[in-house]
Amino acid sequence: MMKTLILLFSLLVACNCDMFEHLKGGAKCQELSLLEYQEKNKECLDENKTAHCLIDDQNNHGLVCENILKIPKGKCPFFDTKKERMDTRQCQGQNCPSEEIYSLTAVKFDGCYEIYRENHDEHTEF
């Protein structure tokens with residue numbers, strides 16, 4: 001019985017497409033190759049989602065399968081590890097979205113990948 005439960009749990013973890021996968025070697029989202037993005041996107045399409053390269057709440061860069069969302073002006077998408085999903089927070093740094101964007105395009109804005117400072121913790125619920 002216990003072996004069955006462990007096996008089922010392992011399968012659930014392996015199939016969870018929402019899992020945040022850290023980029024290898026400390027790479028940054030802005031450095032992600034098209035091939036790496038396309039490989040992840042193939043996995044995501046099975047779940048009717050799209051690959052996103054996001055920074056998480058621990059300042060790690062990684063890939064995750066999520067639905068494309070509209071992000072308000074001045075905000076950035078990030079991966080909330082506690083909620084295990086994409087969320088938004090105030091943009092940091094110089095290059096921030098000056099208008100509403102789609103979550104996929106955040107990689108164009110360096111401010112969305114700045115090391116996040118906890119005192120600016122303003123999350124928007126989806």
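Ile68, Tyr102 and Leu104 together form a nonpolar patch on the surface, with about 260 Å² of accessible area. The structure is a predicted model, in which local features need pLDDT of at least 70 and side-chain atom pairs count only at pLDDT 80 or more, while totals for chains, interfaces and linings use all residues. Residues are numbered from 1 along each chain as its sequence is written, and side-chain values use heavy atoms, with hydrogens and water left out. Patches are made of residues with over 30% relative accessible area and no salt bridge; like charges are joined within 9 Å and nonpolar side chains (Val, Leu, Ile, Met, Phe, Trp, Tyr) within 5 Å. Accessible areas come from the Shrake-Rupley method with a 1.4 Å probe, and for residues only the protein chains shown count as cover.

Helices (H or I, at least four residues) and strands (E, at least two) are DSSP runs, numbered from the N terminus. Ile68 has a relative accessibility of 42% and therefore counts as partly exposed; buried means under 20% relative accessible area, exposed over 50%, and partly exposed in between (1.4 Å probe, protein chains only). Asn67 also lies in the loop between S3 and S4 and is partly exposed, with a relative accessible area of 41%. In sequence, Asn67 and Thr50 are 17 residues apart, whereas in space the distance from C-alpha to C-alpha is 6.0 Å.

Side chains of opposite charge can pair when their charged atoms come close. A salt bridge is counted for a side-chain nitrogen of Lys or Arg within 4 Å of a carboxyl oxygen of Asp or Glu. The count comes to three salt bridges. One of them joins Glu21 and Lys40, with the closest N and O atoms 2.6 Å apart. Glu21 lies in strand S1 (residues 21-22) and Lys40 in helix H2 (residues 34-45), so this pair ties together parts that are 19 residues apart in sequence. Glu21 is partly exposed, at a relative accessible area of 36%, whereas Lys40 counts as buried, at 3% relative accessibility.

Lys40 also forms a salt bridge with Glu43, the closest N and O atoms being 3.4 Å apart. Both Glu43 and Lys40 lie in helix H2, three residues apart, which is about one turn of the helix. Glu43 is partly exposed, with a relative accessible area of 39%. A further salt bridge links Asp87 and Lys83, where the closest N and O atoms are 3.3 Å apart. In this pair Asp87 counts as buried at 0% relative accessibility, and Lys83 as partly exposed at 35%. Salt bridges that share partners join Glu21, Lys40 and Glu43 into one network.

Rolling a probe the size of a water molecule over the atoms shows where empty space is left. On a 1 Å grid over the protein atoms alone, a cavity is a set of points where a 1.4 Å probe fits but cannot get out, and a pocket is an open set with protein on both sides within 12 Å along at least five of seven lines; lining residues have an atom within 4 Å of a point. Grid points are joined across faces, edges and corners, and a volume is the space filled by probe spheres set on the points.

The largest pocket has a volume of about 220 Å³. Its lining includes Glu21, Lys40 and Glu43. S1 and H2 each supply at least two lining residues, and H2 gives the most, with four. By class, this lining has three nonpolar, one polar and six charged residues. Ala, Val, Leu, Ile, Met, Phe, Trp, Tyr, Cys and Pro count as nonpolar, Asp, Glu, Lys and Arg as charged, and the others, Gly among them, as polar.

The second largest pocket has a volume of about 180 Å³, and Leu104 is among the residues that line it. H2 and strand S2 (50-55) give two or more residues to this lining, with S2 giving the most, three residues. The lining of the second largest pocket divides into nine nonpolar, three polar and no charged residues.

The structure holds one cavity of 30 Å³ or more. About 40 Å³ of space lies in the largest cavity, whose lining residues include Cys76, Cys91 and Cys112. Strand S5 (75-80) and strand S6 (85-90) each supply at least two residues of this lining, and S5 gives the most, with three. The lining of the largest cavity has seven nonpolar, three polar and two charged residues.
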